[in-house]
Amino acid sequence: MGSQMVSIFPEELSFAFELDKQSYCNLKLVNNSEHYVAFKIKTTAPKKYFVRPNTGVIQPWDTVVILVTLQAQREYPPDMQCKDKFLVQSARVPPNIDPDEIPPETFNKDSERKVEECKLKVVYTAPLANGPRSLEDHLLFHSSMSRSSRHTADSNSMHSVGSSEESQAMIHLREERDAALQRHRKLQQELEMLKKSQLQRRASFSLKLIIMVGLVGILIGYILSLACSIRSSEKAHDEL
């Protein structure tokens with residue numbers, strides 16, 4: 001793993017499968033280089049999974065956590081076996097690149113560009129009795145499990161050093177949780193704004209149509225009134 005530009009944890013995505021309920025899994029990408037690295041995540045079943053962020057840039061020696069959501073399913077897969085796969089692509093990019101405007105050719109393989117690819121399997125498991133039920137529960141559950149693992153691994157070390165490392169781990173996990181929640185809320189806001197924009201466009205179109213019909217009606221009324229006036233004038237002229 002050390003020779004790779006980006007390390008990926010875990011090596012397979014595990015989801016606690018329940019009918020009509022979403023399930024979540026965290027994917028951690030670690031930049032093992034002194035360069036800026038762009039990443040892109042693909043899946044063989046894009047309608048089943050929601051990945052945020054699915055593209056981005058990792059700073060040197062930094063880590064990014066991806067939240068992968070399995071959408072609610074209406075039926076169990078055969079024998080609880082899943083054939084879905086994910087592909088994580090990573091490539092070196094300039095430091096001044098905009099994470100929201102990564103060129104598509106960044107992940108094209110050629111002789112001058114090194115693109116790393118890692119395929120990940122998907123595994124469905126039975127839900128835990130006390131496992132997470134919502135996005136917030138998942139993040140809290142993941143944080144508590146990570147803290148528990150760290151505490152067990154460091155139990156034989158000095159108390160002062162262990163407490164310091166645990167505090168730093170808690171802060172880092174809370175930041176990851178808050179960032180994931182913020183991305184989730186931002187996406188919901190964007191969806192709401194898109195719905196409102198579509199409604200406003202429909203309302204604007206309806207208003208324009210009403211105005212046009214009104215103008216046409218006024219114009220027709222004016223023409224009819226003018227025609228009647230001309231006929232009256234001609235009739236009066238004939239009588240004279």
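## Strands at the start, helices at the end

The protein chain has two helices and nine strands. Both are DSSP runs numbered from the N terminus: helices are H or I with at least four residues, and strands are E with at least two. From the N terminus on, the order is β-β-β-β-β-β-β-β-β-α-α. This is a predicted model, where local features need pLDDT of at least 70, side-chain atom pairs count only at pLDDT 80 or more, and totals for chains, interfaces and linings use all residues. Residues are numbered from 1 along each chain as its sequence is written, and side-chain values use heavy atoms, leaving out hydrogens and water.

Start with a sheet. Four strands form an open sheet in the order β1-β3-β7-β5, and their pairing is antiparallel. Strands pair if DSSP finds at least two bridges between them. At the edges stand β1 (6-9) and β5 (49-52). Each has a single partner strand, so one side of each lacks a neighbour in the sheet. From one strand to the next, the twist averages 20°. That angle is taken between axes, which are lines fitted to C-alpha atoms (for helices over the stretch in contact); angles run from 0 to 180 degrees between N-to-C directions.

Now look inside the sheet. Strand β3 (residues 23-31) and strand β7 (residues 63-70) run antiparallel and are joined by eight bridges. S23 stands opposite L70 in β7. V30 stands opposite T63 in β7. On to β5: four bridges join β5 to β7, and these two also run antiparallel. Here V51 has V68 of β7 as its bridge partner.

Of the 240 residues of the protein chain, 28% count as buried.

Next come the aromatic rings. Rings of Phe, Tyr and Trp (its six-membered ring) pair if their centres lie within 6.5 Å; planes under 30 degrees apart count as stacked, over 60 as edge-to-face and the rest as tilted. The count comes to four aromatic pairs. In one of them, the ring centres of F17 and Y124 are 4.9 Å apart, and the planes are at 40°, so the pair is tilted. F17 lies in the loop between β2 (12-16) and β3, while Y124 lies in strand β9 (residues 115-125). The pair therefore ties together parts that are 107 residues apart in sequence. F17 counts as buried because its relative accessibility is 3%. Y124 is buried too, at 8%.

Another pair is Y49 and F86. Their ring centres are 5.0 Å apart and their planes are at 75°, so this pair is edge-to-face. Y49 lies in strand β5 and F86 in strand β8 (residues 85-93), so the pair ties together parts 37 residues apart in sequence. Y49 is buried at 5% relative accessibility, and F86 is buried at 2%. Ring pairs link F15, Y49 and F86 into a cluster.

L219, Y222, I223, L226 and I230 make a nonpolar surface patch of about 510 Å². Patch residues have over 30% relative accessible area and no salt bridge; like charges are joined within 9 Å, and nonpolar side chains (Val, Leu, Ile, Met, Phe, Trp, Tyr) within 5 Å. A salt bridge is a side-chain nitrogen of Lys or Arg within 4 Å of a carboxyl oxygen of Asp or Glu. Accessible areas come from the Shrake-Rupley method with a 1.4 Å probe; for residues, only the protein chains shown count as cover. I230 is found in helix α2 (residues 159-239). At 43% relative accessibility, I230 counts as partly exposed.

Notes
Buried means under 20% relative accessible area, exposed over 50%, partly exposed in between (1.4 Å probe, protein chains only).
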